[in-house]
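Please keep the sequence and the 3D view at hand while reading.

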Amino acid sequence: MATLQLIERIKNFKVPPGLIGPLLITAVVVAAHLSFGILDGWEKFAVALGVAVVTESVLHKIVTGKWRNLSSAYISGNSAGILVRSPMIWPFALCAAISIASKYVFRFRDTHIWNPTNFGIVVMLIIASDSMAVLSIQWGSNMWAMLVIWLVGFLVISKVKLFHICAVYMISFFAFAWLRSVYTGGLFLAEVAPITGPMYQLFVLFMITDPKTTVSTKNGRMLVAFLIALVEMFFRLGEAVYAPFYALFIVGPIALIIDKLWQERKARQIDSAGVKVNNPSR
Amino acid sequence: MTKEVRNKIIVTLIFLFLISIPFGMKKYEEITSDHFDADMEMALERHGFFLEDVTESIGVNFVHRRATVDEKLHHILPQISSVGASVTVVDFNNDGLPDFYLTNSEFGENNALYMNMGDGTFVDVAEEMGVADLNIPGYGASMGSIWGDYNNSGYEDLFLYRWGKPELFRNENGEGFTRVTEEAGLPDHINANTAIWLDYNRNGYLDLFIGGYYHEDVNLFDLSSTQMMPDSYEYATNGGLNYLFENQGDGTFVDVSEQVGLHESRRWTLAAAAADINDSGYPDIILANDYGVDEIFINRNGEYFLNTGHEAGLGFVPKSGMSVSIGDVMNQNSFAIYITNISEAGVLMQGNNLWVPTRQISEDIPRFRNIAGNMGVEIGDWGYAGKFVDLNNNGNIDLYVANGYVSDEPDTDYWYDYARVVGGNRAVIIDANNWPAMNKRTFSGYQTNKIWLNDGAGRFREVARSVGGDLNLDSRSVAYADLFGTGSMDLIVANQHQPVKIYRNHVKPEHNWIGFKLEGTKSNRSAIGATIILHREGNSTRKYVSGGDAFSSQSQRAVHFGVGEEQSIRSVEIRWPSGTVQNIDGLELKQYHKIIEATE
């Protein structure tokens with residue numbers, strides 16, 4: 001009886017939605033580092049994480065006068081800690097701080113428009129490229145680790161009903177990879193090789209699916225995912241190593257601003273239609 | 001101004017401050033740097049030395065040509081055949097003058113043995129000595145050489161390693177060399193990029209360590225499969241085996257690699273060095289591995305080697321190890337280890353490692369900490385040889401770091417294609433067919449070698465341009481030697497698919513020095529592995545007799561110490577490989593002292 005109750009409890013157990021992201025990224029980091037030493041070092045990772053959390057706390061307090069939930073900063077700190085590659089510590093700290101600060105500086109209709117880590121990484125590549133690079137190596141040397149992470153990631157993303165973004169992006173990526181290989185005469189396998197690396201796993205599972213910086217409708221999100229892959233293709237034709245980050249940096253905020261304006265326009269139309277219904281003489 | 005606007009301004013200012021940090025750091029670096037265009041007088045005054053390119057004037061016109069491998073690899077030939085230019089220093093005829101040997105790699109191109117004529121000129125005598133025509137189809141392409149008196153005859157013998165058959169040449173009283181490979185019992189094929197002499201069991205005979213790069217089953221000149229690339233960029237497990245050949249004392253060697261624990265891994269070893277890093281009396285081996293972590297093999301009483309890279313602190317973060325150099329960087333009478341890696345702005349920032357000993361974690365395993373960043377020797381470029389050498393005789397060892405991978409058509413770049421393949425899965429990266437063609441594109445080329453000057457207070461400063469050492473060829477191997485008998489360390493830089501460069505080193509005359517030419521009696525006659533500790537007023541510093549180090553190189557056998565403006569030293573302690581310890585005092589400066597191992 002007790003066992004059945006326990007099984008029932010487990011079946012009904014739901015991770016609070018706000019914790020799914022932090023738990024997933026923690027699992028990825030711990031598994032990857034213990035298996036393959038994916039981090040440059042725990043101390044650099046800890047610095048990125050600590051700076052992200054502190055920056056978020058301080059800036060939020062300055063702006064709103066209140067303390068806030070730090071799960072978003074936790075994810076940004078984790079992402080910066082994994083993605084930044086530098087023998088020095090300060091790029092980890094600076095990337096985390098810039099990522100978080102961008103949320104309070106670049107806002108439209110009271111919401112931030114860039115995925116924080118995407119912003120931090122791109123800005124760091126512009127202002128400090130001689131001191132850092134971005135993670136671009138493999139998860140070890142076998143296929144299983146990569147497949148397990150994709151599988152777990154997709155399951156979790158499905159739980160929060162954002163899998164369609166990943167699916168459209170990946171299908172588009174493969175299609176554009178084929179197109180690039182036809183256009184350049186290069187090998188298709190070489191074109192798709194990057195998506196088998198961890199940089200793309202973080203990009204697909206955490207950046208383009210960031211709920212705060214995705215548009216409001218399912219079709220819109222799929223269109224944006226497609227456009228990111230399209231813009232990325234052009235960056236790749238221009239031989240930009242970090243093409244996906246640049247593509248999201250450009251497409252993400254434009255899409256979000258258009259979406260906000262579109263939603264406002266729709267709301268106005270609904271409002272005016274409502275007024276007409278309530279006041280037919282007007 | 002509303003509170004909201006004020007807060008917005010504060011946050012924006014914080015953001016702008018963050019953005020400005022890298023610019024501020026660069027500006028600060030510019031202001032505090034001491035760069036000036038090459039000028040001998042100013043360089044001697046400020047840095048204590050000046051390098052003069054004398055390659056042509058001393059009669060050296062050697063140009064390295066890379067190996068042409070199987071045509072299935074021709075689309076990426078420059079990166080496959082990216083090594084093979086090497087230099088080693090030897091006094092092969094015992095005339096007291098350092099000569100040097102350069103390897104070539106293209107079939108039909110000769111290696112060169114430049115004999116020091118004693119008048120500031122050099123003559124290539126490789127052909128008449130029988131060590132020139134060694135790049136032969138069926139035998140392989142030369143990758144490097146090392147010198148050691150394996151038969152204790154009093155003359156230095158030559159070991160040549162190839163992508164192919166390794167070769168041993170016995171020195172016949174300085175009058176020629178006899179090929180003794182078969183009778184020595186060496187294997188038929190190793191794709192080797194490093195080898196060192198060491199007496200691992202201290203029996204008085206030099207043993208031979210050879211590091212494998214490509215898998216030994218791969219014949220790069222006749223490929224059976226294109227699946228011969230590394231199976232991972234950072235965790236590769238399909239490199240060549242490493243070997244230890246034990247000298248039997250009768251001209252033969254026996255492969256003891258497996259029994260001493262050197263066949264544990266298949267990392268892609270690019271460089272090796274051996275020295276007694278834990279004062280056990282036995283030489284330990286340090287390996288720089290490409291596509292993986294570096295390794296320290298602690299020698300357990302000459303019976304086996306224990307891989308302690310992880311415990312010692314070196315073996316966790318995988319990088320692209322290219323070179324190993326061992327030196328007492330802070331004159332603390334202990335050895336630090338310098339390993340070069342790859343750094344390319346915005347693409348790959350591994351940073352070089354300077355491992356300094358911090359403590360002993362068990363009876364014979366030292367623990368190291370990487371302080372390359374603190375000391376300013378971290379960010380190089382695409383590194384190869386990183387060599388410790390006291391260039392200005394001030395008593396602090398400096399660093400010469402060779403940089404540059406493939407310089408081809410200017411303003412082109414292969415990095416994008418490289419980055420996308422090495423970021424891919426094993427199934428993609430392992431097959432050379434999946435690697436995009438290089439099409440004459442430059443790949444981390446035209447990079448300038450670094451000369452980092454040790455200030456003795458914990459920092460190195462880069463001075464290459466100011467001291468005349470501004471070289472942007474694809475440098476691989478670097479050796480130092482007192483080529484002109486002036487007591488200063490001149491430099492020989494071997495460049496891939498390019499001409500060799502020789503720099504005469506002019507040192508501030510007030511800076512004194514002392515040198516030691518050791519000859520073993522109970523120990524191996526070359527005294528390879530001996531540690532020399534120089535006791536000065538205020539500190540003690542150590543060096544060792546090397547059987548090869550850095551990347552494919554070996555510097556002069558005589559151990560040289562700069563002592564700055566000091567007029568005397570307290571004493572010298574020599575720890576011979578046999579275990580004999582000799583203390584000598586009252587030695588004159590500004591000369592090389594010949595010291596024969598005490599037999600009592």
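## Chain A

Of the 282 residues in chain A, 46% are buried (20 or more other C-beta atoms within 10 Å of the residue's own, with C-beta atoms placed from the backbone). The model is predicted: local features need pLDDT of at least 70 and side-chain atom pairs count only at pLDDT 80 or more, while totals for chains, interfaces and linings use all residues. Residues are numbered from 1 along each chain as its sequence is written, and chains are lettered from A and ligands numbered from 1 in the order in which they are written.

Chain A has 12 helices and 4 strands (DSSP runs numbered from the N terminus: H or I of at least four residues for helices, E of at least two for strands). Among its contacts (C-beta atoms, placed from the backbone, within 7 Å) with a separation of 6 or more, 69% join residues 24 or more positions apart.

## Two helices of chain A

Helix α4 (residues 71-83) and helix α5 (residues 90-105) of chain A have axes that come within 9 Å and cross at roughly 145 degrees (axes are lines fitted to C-alpha atoms over the stretch in contact, and angles run from 0 to 180 degrees between N-to-C directions). The residues of this contact comprise 6 nonpolar, 4 polar and no charged (nonpolar: Ala, Val, Leu, Ile, Met, Phe, Trp, Tyr, Cys and Pro; charged: Asp, Glu, Lys and Arg; polar: the others, Gly among them).

## Chains A and B

The contact between the chains takes 45 residues from chain A and 43 residues from chain B. On the side of chain B, α1(B) gives the largest share, 10 residues.

Definitions and conventions
Contact = placed C-beta atoms within 7 Å. Buried ≥ 20, exposed ≤ 12 C-beta atoms within 10 Å, placed from the backbone.
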